[in-house]
Amino acid sequence: MHQDILGIHYGHDATVALIRDGVLLEAMSEERLSRAKKHSGFPHLALKYIIKKYSIDKVQLVTVVGHTFSPIYKKTKKENLEERARSRFSDDFIRALGARFPLIGSVIKARYVVLETIRNSGMESFIKKDIQSRFPGAAVSYIEHHHAHAWCAPLFVDNATDKKIILTLDGAGDMLSGTISFFDGKEVRIDSPIPVYSSLGLLYSAITDILGMSRNEHEFKVMGLAPYAKATSGEKVYEKLKKLVWFDEE
């Protein structure tokens, strides 16, 4: 009998991965089957595809990664397409007001925490029951967003058991935008979390919006193509962007 482990990610780029007898056999992203780019939500089609392709009868372990116990879990294909078409400028404008005016910023942060608490209410119980009903008898574990990112570092290098300091940085996940972690050869321990309010990744997302491209997709162009520009071109862009983008003390 095979030992099957399923990894399920339900944030943007929802994906299912299968490890059988210690070997990674396949990872399938929901967008390839739903045709909804950057698909968020539970990867129904990818899971069905992998179960059928590999004739999976029983799963020993299911590991779930997402925006922990978030309503994103329930997002539909229609909602994915609607979100992709919707502008994010209003979100960035509100965030910018908070950065420029500290009092307003504290209110915005408090409002965000309250709304997230309300939105996430009851999701922990719902997701646990849903996973257990899909995989009866399987052990289920939940990994926070940045903890999952950090674990990628020691597992995919030759000296996998050496001690390491690990840095993660992205837009946001589970209320963080980055972490500094330590790997002792066996476990990853997050030492210094970086809050979502101090996100460098969201800066790149905002610039990507300003340039008329799609956030969570075209940031690689903003980062990767920048070194190929002439210094004089960069200065022209900087003169325009500094009127639109600024930073608070954090």
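Reply: The sheet and its surroundings

Strand β7 (residues 176-183) and strand β8 (residues 188-195) run antiparallel and are joined by seven bridges. The model is a predicted one, in which local features need pLDDT of at least 70 and side-chain atom pairs count only at pLDDT 80 or more, while totals for chains, interfaces and linings use all residues. Residues are numbered from 1 along each chain as its sequence is written, and side-chain values use heavy atoms, with hydrogens and water left out. Strands (E, at least two residues) and helices (H or I, at least four) are DSSP runs numbered from the N terminus, and two strands pair if DSSP finds at least two bridges between them.

Phe-183 has Val-188 of β8 as its bridge partner, and Ser-181 stands opposite Ile-190 of β8. The two strands make a hairpin, with four residues separating β7 from β8. In the turn of this hairpin, Gly-185 adopts a positive phi of about 105°.

Strands β6, β7 and β8 build an open sheet of three strands in the order β6-β7-β8, and the pairing is antiparallel. β6 and β8 are the edge strands, each pairing on one side only. From one strand to the next, the twist averages 20°. Helix α7 (residues 145-155) packs on the sheet and touches β6, β7 and β8. The direction of α7 makes about 140° with that of β6; such angles run from 0 to 180 degrees between the N-to-C directions of axes fitted to C-alpha atoms, for helices over the stretch in contact.

Met-175 lies in the loop between β6 (164-173) and β7. Although Met-175 is not a glycine, its phi is positive, at about 70°. Met-175 counts as partly exposed because its relative accessible area is 35%, the limits being under 20% for buried and over 50% for exposed, with partly exposed in between (1.4 Å probe, protein chains only).

Asp-13, which is not a glycine either, has a positive phi of about 65°. Asp-13 is found in the loop between β1 (4-9) and β2 (15-20). With a relative accessibility of 24%, Asp-13 is therefore classed as partly exposed.

Val-140 is part of strand β5 (residues 139-143). Val-140 is classed as partly exposed because its relative accessibility is 24%. When neighbours within four places in sequence are left aside, Val-140 is in contact with Leu-61, Val-62, Val-64, Ile-131 and Gln-132, where contact means heavy atoms within 4.5 Å. Pro-71 lies 69 residues away from Val-140 along the chain, and the C-alpha atoms of these two residues are separated by 19 Å.
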